[in-house]
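Here is a friendly walk through one protein model, meant to be read with the structure open beside you.

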Amino acid sequence: MTDDEAMAIALEEAAAAGAAGDVPVGAVVLGADGTLLARRCNERERLGDPTAHAEVLALRDAAAAVGSWRLTGATVVVTLEPCAMCAGAIIGARVGRLVFGTPDLKAGACGSLYNLCADPRLNHEVPIDAGRRSAECAELLTSFFAAKRLR
C-alpha cells in the first residue's frame, strides 16, 4: 500500500471521528511489507480516555496483529502531526517511519513545537515525511472546529 492510499484510509478514519464528535484525526499502521496492520480514529470522547488518540489506538492494534510491541519497519500514517504522547509511543514501538498530513502548531511534537522523532538523546529516531495530503487533513480539522464554534 502506498503512503497516499494509507492516508486516504486515515482520512476516512478522521471523518468518522469527527462525525462521532471527536477531533477528526485518523491513523493507519502499515507493516514493513506495506500491508495494513491497523486503522483507528480518535476516541477520547467515546471512551472517556485521554490516551485514546488515533495513533496510540492504532499502535495497540498493530502490536496485537504482529504479536509484538516492536513495530520495527512499520510506517505510521496520521492526518495530524503527533503530540508528545503519540510521538513517544511511536518511538517506543520502534516504528520505522512516520508520515503525517498537517502540522499541529499548538501541540505538534514531530517538527512544530518539538521534534522527538529526531532527538538523538532518545534510543530510537524515526524518519518523518510531513505534509502528505496536508490540505485535506487541515480542512477536516478546520471544518470540525468551525462547526463547534457555531453551536
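## Strands and sheet

β1 and β3 pair in the antiparallel sense, with 4 bridges between them. Please keep in mind that this is a predicted model.

**Around β1**

- How many residues of β1 are buried? The count is 5 of the 5, so β1 is largely enclosed by the rest of the structure.
- Gly26, Val28 and Leu30 point one way from the strand, while Ala27 and Val29 point the other way, and all of them are buried.

**Nonpolar cores**

- The largest nonpolar core has 27 residues, and Val29, Leu59 and Leu98 are the ones with the most contacts inside it.
- At least two residues of this core come from each of β1 (26-30), α3 (54-66), β3 (75-80), α4 (84-92), β4 (97-102) and α5 (134-150).
- Helix α3 gives the largest share of this core, with 4 residues.
- Leaving aside residues up to four places away in sequence, Leu59 touches Val29, Leu71, Val76, Ala89, Ile90, Ala93 and Val95.
- There is also a second, separate core of 10 residues, which includes Ala6, Met7, Ile9 and Ala10.

- Ala64 is found in helix α3. Is Ala64 buried or exposed? Its relative accessible area is 60%, so Ala64 is exposed.
- Ala64 and Leu37 are 27 residues apart in sequence, and their C-alpha atoms are 9.2 Å apart in space.
- Thr102 has its place in strand β4, and at 8% relative accessibility Thr102 counts as buried.
- Not counting residues up to four places away in sequence, Thr102 touches Thr79, Leu80, Glu81, Ser134, Cys137, Ala138 and Leu141.

**Cysteines**

- The count of disulfides comes to 0. For Cys41, the nearest cysteine sulfur is that of Cys86, 13 Å away.
- Cys41 is buried, with a relative accessible area of 11%.

**Aromatic rings**

- The model has 1 aromatic pair. The rings of Phe144 and Phe145 have centres 5.1 Å apart and planes at 80 degrees, so this pair is edge-to-face.
- Phe144 is buried at a relative accessible area of 10%, whereas Phe145 is partly exposed at 35%.

**Charged pairs**

- The structure holds 12 salt bridges. One of them joins the side chains of Glu12 and Arg39, at 3.0 Å from N to O.
- Glu12 lies in helix α1 (residues 3-19) and Arg39 in strand β2, so this pair ties together parts that are 27 residues apart in sequence.
- Glu12 is partly exposed at 46% relative accessibility, and Arg39 is partly exposed with a relative accessible area of 32%.
- Arg39 also forms a salt bridge with Glu13, where the closest N and O atoms are 2.8 Å apart. This pair likewise links distant parts of the chain, with Glu13 in helix α1 and Arg39 in strand β2, 26 residues apart.
- Glu13 counts as buried, at 13% relative accessibility.
- Glu43 and Arg46 form a salt bridge whose closest N and O atoms are 2.4 Å apart. Glu43 is buried at 9% relative accessibility, while Arg46 is exposed with a relative accessible area of 62%.

Definitions and conventions
Residues numbered from 1 in each chain as written. Predicted model: local features only at pLDDT ≥ 70, side-chain atom pairs only at ≥ 80, totals over all residues. Heavy atoms only, no water. Core = buried A, V, L, I, M, F, W, Y, C linked by side-chain atoms within 4.5 Å. Buried < 20%, exposed > 50% of the residue type's maximum accessible area, 1.4 Å probe, protein only. Contact = heavy atoms within 4.5 Å. Pairing = 2+ DSSP bridges. Disulfide = S-S within 2.5 Å. Phe/Tyr/Trp six-rings, centres within 6.5 Å; stacked < 30°, edge-to-face > 60°. Salt bridge = Lys/Arg side-chain N within 4 Å of Asp/Glu carboxyl O.
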